Amino acid sequence: MSFQSGMLSRLFLPSIILMLVYGFWVSPEFRVIAAGVAIFLFGMVYLEQGFKVYTGGLLEALLQKTTDKVWKSLSFGLISTAFLQSSSLVSVIVISFLSAGLIGLTAGVGIIFGANLGSTAGAWLVAVFGLKVKLSTYAMPLLVIGLIFKSHKHKNVNGLGYILLGIGFLFLGIHYMKVGFDAFKSSIDLAEFAMHGLMGVLVYTGIGMLATIIMQSTNATMVLTFSALAAGQLTYENALALAIGSNIGTTITAILGAVSANAEGKRLAVAHLTFNIITAIIAIAALKPLVDAVDYLASAYGIAPDNYTLKLAIFHSLFNIIGIVTLLPFLNKMVNWLQTLFVNNNPQVPLNLAEDESLQVERAIYLNPVTLSYPDTALRAITKECGHLYRNTLELICYGIYLSGEKLRESDNLDELVQTWRREEQPWTIKELYIRHIKGIYADIIQYSGALEGQLPKQQAQELFALKVACRDFVQAIKHVKHIYKNMGKYTDSENEQIREQYNQLRLCLASVLKLVDILGVRRNYSHIREHTDQLKKELRERDEQTNQTLNELIRSGQVDPFEASSLMNDSAHVHDACTSLIDGAVIMLTRDREEYQEFDMSADRQRSAA
């Protein structure tokens, strides 16, 4: 949010300040309206803060169940936005889930479609109740009680205090906006500035868009519109255009929230903007038929012909419904188009280190600063990022023992693979590849986990620590392989058959560990993780002892010289430590991945298949 505020400050702050100062100077009524807007926006901030206390984990738990069906995605977006009265909060959570790779783009777009319709619920509340009831009467008790609850130390009571304060400030803001526009009647008639025809629609659409961008709240723009319309300071036609413009302007929050997101998050922001622009074009092009449809619906439900506030609420919902109905059949085509946008700097594809010509340091894929506000999501994101680090670790260790990850996965006979296959040329050192493909990701994980750790309860903090230990194990495994890389290349080409065989056994040892961990992960063979890894550690100890005995025999028989023997002894220790680190890290990752898979991957996979 600080980034968003900084960008808005640079873009709008000077002009906004000048406009406000001029308005305060020339019009006391403008001061009342501006105060009402400020209080209303302050209430939105408090309301969102309070809902985060109760809905953080709940929204995440619900969101995971909306990834397999489009209608579920639409329903989630509609209901959550209508309940929370904050499409911004919903869109930020969806972008964070999408950036973390926990839901598919199709589900994200569906939720955004539903959120646009859900955002019209606020317009209905204001139209039905807000302009007919003296809300300030209810605002004062809510503010007093909310302030008392807010000072309570218990999290839930404190959250309730924020919600009550938010509602109280919303009511007070609506009251002051209504009073301000009523007062304008005695000094100036804003309706004199009404514009008719297509030009009026386009100008007021632009005004609605700009107002929403500045305030970052569709609700605030709509409340202003309703207040001015009810006071006779705005024509019905121009109010309709303001509603259309507010729909476009509301995308600013998603756009700013996606600036720091990865390619998937940016694609969702484009989808949001595309949907709202197309919906606005449809609404403007079919404005006359839409107005007729609104009149028909109003008449059918007994709404008076001059009750323009309720008719505006109907219009606001109607053109959003038309937008959904129009674009929903093209959802898959839209997703396919979005996938062509924004090349991901760190695509989740196997590395080809032999042909790696990139000088760019690879960074984290799934870690988005936005997710830090949602601990459950943040833990899932960092789990997936640890998996990303492991995949690169596997490729790098294969490179270090003159194999390839692809060959390792395909081979059913590792002994034959080790004996017969060796890369002809390896242009990069392990250190160069470590800096390029490991260090940046690892640094991002450490930075992200450091920012997250203070926000977690004890159990989740322990899970986070375990993930950091797993990542440290993977990095340590690479560093052990780095020590043996030079000798591995030298002695696997040695004319001494005995020393060549011993180094091939070290290669086989590392390859076996990598193969087993990969099989356990790919096949989701969770029930056998401990069993297999404990057995593997036992075999490592036995292999280490066997290597020592074999080495003593080779020295006594004169088949290897002391220099070769010392290198083999040291490198054997590094291989043993590298294998142990890999096993320890994999156990943590696969155990954690079991929970993630059961909760998320099945629905996410179905969603990606559907797309």
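User: Let's start with helix 10: why is it called largely enclosed by the rest of the structure?

Analyst: Count its buried residues: twelve of the 13 in helix 10 are buried, so the rest of the structure largely encloses it. Keep in mind that this is a predicted model. Buried here means under 20% relative accessible area.

User: How do I read a positive phi?

Analyst: Check whether the residue is a glycine, because most residues other than glycine have a negative phi. Tyr402 is one to look at: it has a positive phi of about 60 degrees although it is not a glycine. Tyr402 sits in the loop between helix 17 and helix 18 (405–410), and with a relative accessible area of 8% it is buried.

User: Zooming out, how many helices and strands does the chain have?

Analyst: There are 24 helices and zero strands. Of the 611 residues in the chain, 54% are buried. Among contacts with a separation of 6 or more, 81% are between residues 24 or more positions apart.

User: How do I find the nonpolar cores?

Analyst: The general idea is that in soluble globular proteins, nonpolar side chains tend to be buried together. In this model the largest nonpolar core has 71 residues, and Leu510 and Leu582 have the most contacts inside it. Elements giving two or more residues to this core include helix 17 (375–400), helix 22 (497–522) and helix 24 (562–610). Helix 21 gives the most, with 14 residues. A second, separate core of 46 residues includes Ile33, Ile174, Val294 and Ala298.

User: Which residues does Leu510 touch, beyond those up to four places away in sequence?

Analyst: Its partners are Ile397, Ile401, Val481, Ile484, Val575, Ala578, Cys579 and Leu582.

User: Where is there a nonpolar patch on the surface?

Analyst: Look at Val144, Ile145 and Ile148, which together have about 280 Å² of accessible area. Ile148 lies in helix 7 (residues 136–150) and is exposed, at 54% relative accessible area.

User: And salt bridges: how many are there in the whole structure?

Analyst: A search finds five. For each pair, ask how far apart the partners are in sequence and how buried each one is. Lys288 pairs with Asp292, with the closest N and O atoms 3.1 Å apart. Those two are four residues apart in helix 14 (residues 287–300), which means about one helical turn separates them. Lys288 is exposed at 56%, while Asp292 is partly exposed at 38%.

User: Which salt bridge links distant parts of the chain?

Analyst: That's Asp444 with Arg363, where the closest N and O atoms are 2.6 Å apart. Asp444 is in helix 20 and Arg363 is in the loop between helix 16 (331–338) and helix 17, 81 residues apart. Asp444 is buried, at 13% relative accessibility, whereas Arg363 is partly exposed at 39%.

Another pair is Arg409 and Glu395, at 3.2 Å, N to O. Arg409 lies in helix 18 and Glu395 in helix 17, so this bridge ties together parts 14 residues apart in sequence. Glu395 is buried at 7%, and Arg409 is partly exposed at 35%.

How values were computed: Residues numbered from 1 in each chain as written. Predicted model: local features only at pLDDT ≥ 70, side-chain atom pairs only at ≥ 80, totals over all residues. Heavy atoms only, no water. Core = buried A, V, L, I, M, F, W, Y, C linked by side-chain atoms within 4.5 Å. Buried < 20%, exposed > 50% of the residue type's maximum accessible area, 1.4 Å probe, protein only. Contact = heavy atoms within 4.5 Å. Patch = residues over 30% accessible without salt bridge, like charges linked within 9 Å, V, L, I, M, F, W, Y side chains within 5 Å. Areas by Shrake-Rupley, 256 points an atom, 1.4 Å probe, with all protein chains shown as cover. Salt bridge = Lys/Arg side-chain N within 4 Å of Asp/Glu carboxyl O.
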